[in-house]
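Here are some notes for a colleague who is opening this model, which is a predicted one. Please keep the sequence and the structure in view while reading the points below.

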Amino acid sequence: VDQAGIDQYATGITVTRTINVDPSLVDSASLTVSTNSATPKKANVIASEGSSDNELDRVTLLLADFKSGKDNVTLTDLVVDVTKAGTGGALASSSNVYLYDGTKELDSASVSSNSATFSDIDVLIARDTTKTLTIKADVRSADGTLSQLAADIDTADVTAENSQGNSITETGSAAGETMNVYNLGPEITLVSKSITTAGSPQNDGQTTNVSTSTLTATFTVKVK
């Protein structure tokens, strides 16, 4: 009884709340694969190291971008296809293909049936960000006849999951340029290029259908 003379009784009160949650963005998580612009351009590679002057370690074949969407994504497994064309002896080592995150080596794998499989790598890609991974390979058995080596990643080569550990759908692909491999000869690499427009029209005495400017292309290459 309170001071106002009113009896008060307390009984158990149960409050039930139902919360309806819209489908989470987690269920729409995505991972898109593409070729990074820093992937080496097509070039001659001279594999002349090692005791037999026919090897070269850790040749960069591909930089691949992995862009997550709507959730944190974990890249769990990755298969890289390493192919060879040409009749030369050079090939990617059957035991040494490498996966890098920047300067950090994440894993190495052997090549079987032209593919290297990196399992349980668990590379975390934060929501709506891009992770760039680099593929390198040791070259062995190069000779004076051309071999062409290249690496690529298809959608089917990528396994990833969202922050709840559920599989997601990956899209896109990445492909490196062809590396021409020998064990001798000059190694030519494009360093820079520029095209400028200047000067008087080049008409060679003509008055119709003539050029209105002069184009100058400059290429800088490194030969070693």
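**Notes on strand pairing and a surface patch**

1. In this predicted model, strand β4 pairs with strand β11 (residues 147–153) in the antiparallel sense, and five bridges link the two. Within this pairing, lysine 84 is found opposite leucine 149 of β11.

2. Strand β4, which covers residues 73–85, is also joined to strand β9 (residues 123–125) by three bridges, and these two strands run antiparallel. Here the residue of β9 that stands opposite valine 73 is isoleucine 125.

3. Two further antiparallel pairings involve β4: one with strand β8 (residues 115–118), made through four bridges, and one with strand β12 (residues 158–161), over four bridges.

4. Turning to the surface, a nonpolar patch is formed by Ile188, Leu190, Phe219 and Val221, which together have about 380 Å² of accessible area. The elements that contribute two or more residues to this nonpolar patch are β16 (188–198) and β17 (214–223).

Definitions and conventions
Residues numbered from 1 in each chain as written. Predicted model: local features only at pLDDT ≥ 70, side-chain atom pairs only at ≥ 80, totals over all residues. Heavy atoms only, no water. Pairing = 2+ DSSP bridges. Patch = residues over 30% accessible without salt bridge, like charges linked within 9 Å, V, L, I, M, F, W, Y side chains within 5 Å. Areas by Shrake-Rupley, 256 points an atom, 1.4 Å probe, with all protein chains shown as cover. Salt bridge = Lys/Arg side-chain N within 4 Å of Asp/Glu carboxyl O.
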